[in-house]
Amino acid sequence: MKIRCLKCNDIIESKKLHDCVSCKCGACSIDGGNQYTRIGGDFNYINIINEDGKEELLEKFN
Ligand SMILES: [Zn+2]
């Protein structure tokens, strides 16, 4: 899964377990690859990027 930080517009992706990636401003992070996705940060500023390329605000999943 990929996410976009809406503060710095960076797109980050965790490719495998224990691969924790932060965006360049540090406001959000993603971990766990595709098996166990964990997203950290302020959910008001994180977009999920779906496999079809569409983006959705993460907030509505919580
Ligand atoms: Zn950022």
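**Figure 1. Secondary structure and overall dimensions of the chain.** Seven strands and zero helices are assigned to the chain in this predicted model. Along the sequence, the elements follow the pattern β-β-β-β-β-β-β. The C-alpha atoms occupy a box of roughly 25 × 25 × 20 Å along the principal axes. A compact globule of 62 residues would have a radius of gyration near 11 Å, and the value of 10 Å for the chain therefore agrees with that expectation. Of the 62 residues, 16% are buried. When contacts between residues at least 6 apart in sequence are considered, 23% join residues at least 24 apart.

**Figure 2. The four-stranded sheet.** An open sheet is formed by four strands in the order β2-β1-β6-β7, with antiparallel pairing. Its edge strands are β2 (11-13) and β7 (55-57), each of which pairs on one side only. From one strand to the next, the twist averages 30°.

**Figure 3. Pairing of β6 with β7.** These two strands of the sheet run antiparallel and are paired over three bridges.

**Figure 4. The three-stranded sheet.** A further open sheet comprises three strands in the order β3-β4-β5, and its pairing is antiparallel. Both β3 (21-22) and β5 (38-41) stand at the edges with a single partner strand each, so one side of each is left without a neighbour in the sheet.

**Figure 5. Pairing of β4 with β5.** The antiparallel strands β4 and β5 are joined by four bridges. Within this pairing, Ile30 stands opposite Ile39 in β5. Ile30 is also a member of the largest nonpolar core, which is the subject of the next view.

Figure 6. Two or more residues are contributed by each of the elements β1 (2-5), β4 (28-31) and β6 (46-49). Of these elements, β1 and β6 belong to the sheet with the order β2-β1-β6-β7, whereas β4 belongs to the sheet with the order β3-β4-β5.

**Figure 7. Surroundings of Cys5.** Which residues does Cys5 touch, if those up to four places away in sequence are not counted? The contacts of Cys5 are Asp10, Cys23, Cys25, Ala27, Cys28, Tyr45 and Ile46.

Notes
Residues numbered from 1 in each chain as written. Predicted model: local features only at pLDDT ≥ 70, side-chain atom pairs only at ≥ 80, totals over all residues. Rg over C-alpha atoms; globule rule 2.2 N^0.38 Å. Buried ≥ 20, exposed ≤ 12 C-beta atoms within 10 Å, placed from the backbone. Contact = placed C-beta atoms within 7 Å. Core = buried A, V, L, I, M, F, W, Y, C linked by C-beta atoms within 7 Å. Pairing = 2+ DSSP bridges. Axes fitted to C-alpha atoms, helices over the stretch in contact; angles between N-to-C directions.
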